[in-house]
Amino acid sequence: MQLHGFELIDETNLEELSSRVRRWRHVVTGAQLLSFCNADENKVFGVSFRTPPGDSTGVAHILEHSVLCGSERYPVKEPFVELLKGSLQTFLNAFTYPDKTCYPVASTNLQDFRNLVDVYLDAVFFPRIDENIFRQEGWHIDAETADGPWNYKGVVYNEMKGVYSSPESVLSEQSQQAIFPEHVYGLDSGGNPERILELTYEQFRDFHRRFYHPGNGRFFFWGDDPEEARLEHIGRVLSRFDRLDVDSAVPLMGHRDTPRLLEVPFAAGEGDTRGMVTVNWLLDETVDAERNFALHMLEHILLGMPGSPLRRALIESGLGEDVAGVGLEAELRQMYFSVGLKGIDPADAERVEVLVMDTLASLAEEGVPSDAIEAAFNSVEFSLRENNTGRYPRGLAVMVRSLTTWLYDGDPLALLAFEKPLAAIRDAIAAGGYFEALIRRCFLDNAHRATVSLVPDMTLEARREEAENKRIEKVQSALSPSDREAVVSLAATLRALQEAPDSPEALATIPRLGLEDLARENRPIPIEERTSGDVTVLFHDIDTSGIVYSELLFDLSAVPARLLPLVPLFGRALLEMGTARHDFVALGMRIAAKTGGIEADTLFATTRAGRKPVAHMVVSGKATRDNAAALVDIMHEVLHEALFDDAERFGRMVLEEKARQEHSLVPSGHGVVSSRLRASFSMAGWLDEVTGGITYLMALRELAERVRDDWQGVRDDLETLRTLVLRRSGALCNLTADSATAAVAMPLFDGLVAGLPDTAADAVVWAPDALPAAEALVVPAQVNYVGKGANLYDLGYAYHGSVSVVLKHLRMAFLWDRVRVQGGAYGAFCAFDRMSGAFTQVSYRDPNVERTLDVYDKCAEYLRTVELDDAALTSAIVGAIGDLDMHMLPDARGEASMLRHLTGDTEDVRQTMREQMLATTQRHFREFADVLDAVARTGRVCVLGGGSLDAVAATRGWQALRVL
Ligand SMILES: [Zn+2]
């Protein structure tokens, strides 16, 4: 069969994903197209290229950024941003992997979907990528005067400096490179900042010419849109191409027979003497489905549960604080395994390696317990069947998975058709000795092993800065005066280009939805409310394919401020310290064998009426209909019989939690800053900070000492929390399931809530300490996260739905241009919580501090003077409605509905908001400027970062706090 220039290769009914799958080949160019037809309204398209780099200049990554900077039919600076501004997209991004570059889009609206596909195809095949785009996205010299200080700049250059500042990122990159010496996976496709500066424009162009050809591409479609239109669309674009033979194959890494040991320095903070280590093995080819799933199960056995033998051995050794390494990596041509410890004495690296090897050897010798195997099998099977991709579109996860085999010319469905390999594994397990043999083959008898030890270097950051300065000074001094002037004028040209707005004609080329394409009504989420005894039960009748999702909420209003930072660990203790019936190892295995997971978390929000805090601990769990009774039974057990008597185990959990918080500071600095700001804007914000921000980290450090010095006191605190938190009064049960599953689950949960203790406890009054008006959180990093915000209601602002439209525009136009494009930061956000009034502006991986604050302070002036044409206004409205209508999977819908119930965010309120959004005009932009004036004058400032931050804080009189 031939259609629009494609010939059909094969066709499959893939039961596992309820899809009909056809594979097509474009006759002229040889392009491959994989087409999934199913009932999912969240349509996905992606085009991916094999892009194995030849060096670590980051050429693939810079190209990924650059092709999104304007193309033949869409000659605007950033079509990608224009789409982000005004589309209903449910996903729009691009990724660079070590060997491929992917451009996926998704939308539930057919016209929108086609617009996105159209713009993306033009971007990848016909990009402008002129020299200025290369300089902006890659690297250039920023020079204001011929003799003044010069700097290296560039979006990717700066992004990668941030990545190289994060010890975690350095560890995973180095671990991978260590197992693939002299191989494409031994290079950094993202770009090593020092190497990025070597990349030339010609090399960059050539990379596009070779690899961005249809014959080297893999086209992917998913969803409920008609198949023929897909082929027609792609066929039309490909008709401009001939065949080109591109050598982009990724070779197999040959197995080596000598283990290696590598020491790598990383930038550490003052006085930080702790290091990290991973042990890494090269494994089988990813396309081997049985081996692939079996290794996922083995990973679960070794590391997935609190009592998993390898996790336990590492944590209990006392050699470090938390497990390190990505575990099983299965997205490349060959899998690898990476495991180790963080927070070690670098001298202990080899002891960790020996410990890992000994633990694996004794497991192979003594055998893997059968309940651990059952738990691992169920966990892998549950996640394959549930296919819960969180905020990612399902189709995107399928695309990524298919590419892990398809990219290497293997069967794209090898890992998607999971029934057969699962059955084969089940049979093999029954025959006995299965995982023991796997441990021997993959780890003990596999000498292709590399141990990577990351050693702290307190002067590395400073030396790097110095080297960078020297490098550019050398360049500068070697140039003749006229050449120096040329550099200055190049920099000026680039700045002028960045500052020049797109012409209205150019902007008009971007296909956009109109207001008439938008639904006028909100789409409500089903909710039924009733009481079971005195407990509120919410039920959401949603098709969950036979899975029940449950949340049990406990009121935290009786918990004194002193105990709040202990709540997250109290939640973990319920699930990870064992019960009167099962020790923690057996409990963990039971949870994994019978459920899709049970977790404890906190939930803080603000009510619409009265701005009161909503504060809960949430115990959530999911299971298949058949296992609903087991799920409720386990929940009952942990809520009634959890034991808090193991000081050592609890102490290790505290260290692990502390290490996680510390390691996430730099990679998620924007979250830390925004949380720190919000802490002074509402009680809920303060609660979030105390249980997850800087205050929480400080409390963890104290707690770690208290566990050592005053365990009885800590234990008493945990018991107090048990009494104050786990009670029926103020509890709520939230269930999401199809009606047949609910019919089974509902009575079980009624029994669970009826049995909760009927303890009375009085609400306490929390009195948060005031945070400084401006503060600098100092960490060893080359980049900053710059934040400023205020509570708009306290400044007199009265809520109107138009604020979402105004902020969508502000973020995607003004902040994007000034902070990202001109300032060189990776991104900038602004957010408003309409419940509490908290408004925050935060930048991400930002080389500047004061300059970014100036941009924030100019937002008001921008809104007051901007002249929006109809297209720009409509685009902002469409984008804001797209955010409002965000696509959610069943469990997320059930949780969103619960949150709306808790905060009084009724359908009426939401409908009014939607109507106000739809009716937004330029007048609303002007009005909002007034409140932003007040933010500029009185807002709180918080900056997390390193480099020059200390100096800025000193001159501006900010309070500085060294957090790492
Ligand atoms: Zn990037």
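Trainee: Into which domains is the chain divided?

Mentor: The structure is a predicted model. Its chain is divided into domain 1 (2-166 + 177-248 + 476-501), domain 2 (260-457), domain 3 (528-754) and domain 4 (774-962).

Trainee: What makes domain 1 and domain 4 count as being in contact, and how many residues take part?

Mentor: Contact requires heavy atoms within 4.5 Å. On that basis 25 residues of domain 1 and 24 residues of domain 4 belong to the contact. The centres of domain 1 and domain 4, taken over C-alpha atoms, are separated by 28 Å.

Trainee: How much area do domain 1 and domain 4 bury between them?

Mentor: The value is about 2,100 Å², with 56% of it on carbon and sulfur atoms. This figure is the accessible area lost when the two parts are put together, summed over both.

Trainee: Why is the pair Arg845 and Glu159 called a salt bridge?

Mentor: The rule asks for a side-chain nitrogen of Lys or Arg within 4 Å of a carboxyl oxygen of Asp or Glu. For Arg845 and Glu159 the closest N and O atoms are 4.0 Å apart, and the pair is therefore classed as a salt bridge under that cut-off. Across the interface of domain 1 and domain 4 the rule finds 1 salt bridge. The count of residue pairs in polar contact between domain 1 and domain 4 is 6, both residues being at pLDDT 80 or more.

Trainee: Which helices supply at least two residues each to the side of domain 1 that touches domain 4?

Mentor: They are helix H2 (79-85), helix H4 (131-137), helix H5 (155-165) and helix H18 (481-499). H5 gives the largest share, 7 residues. By class, this side of domain 1 has 5 nonpolar, 11 polar and 9 charged residues.

Trainee: How do you know whether Asp409 is buried or exposed?

Mentor: Exposed means over 50% relative accessible area. Asp409 has 56%, and therefore it is exposed. Asp409 is located in the loop between helix H14 (394-406) and helix H15 (419-431), and its phi is also positive, near 65 degrees.

Definitions and conventions: Residues are numbered from 1 along each chain as its sequence is written. This is a predicted model: local features need pLDDT of at least 70, side-chain atom pairs count only at pLDDT 80 or more; totals for chains, interfaces and linings use all residues. Side-chain values use heavy atoms; hydrogens and water are left out. Domain bounds come from an automatic or database domain assignment. Buried area is the accessible area (1.4 Å probe) that two parts lose on being put together, summed over both. A polar contact is a pair of N or O atoms within 3.5 Å; within protein, one must be able to donate a hydrogen and the other to accept it, and residues adjacent in sequence count only if both atoms are side-chain atoms. Helices (H or I, at least four residues) and strands (E, at least two) are DSSP runs, numbered from the N terminus. Ala, Val, Leu, Ile, Met, Phe, Trp, Tyr, Cys and Pro count as nonpolar, Asp, Glu, Lys and Arg as charged, and the others, Gly among them, as polar. Buried means under 20% relative accessible area, exposed over 50%, partly exposed in between (1.4 Å probe, protein chains only).
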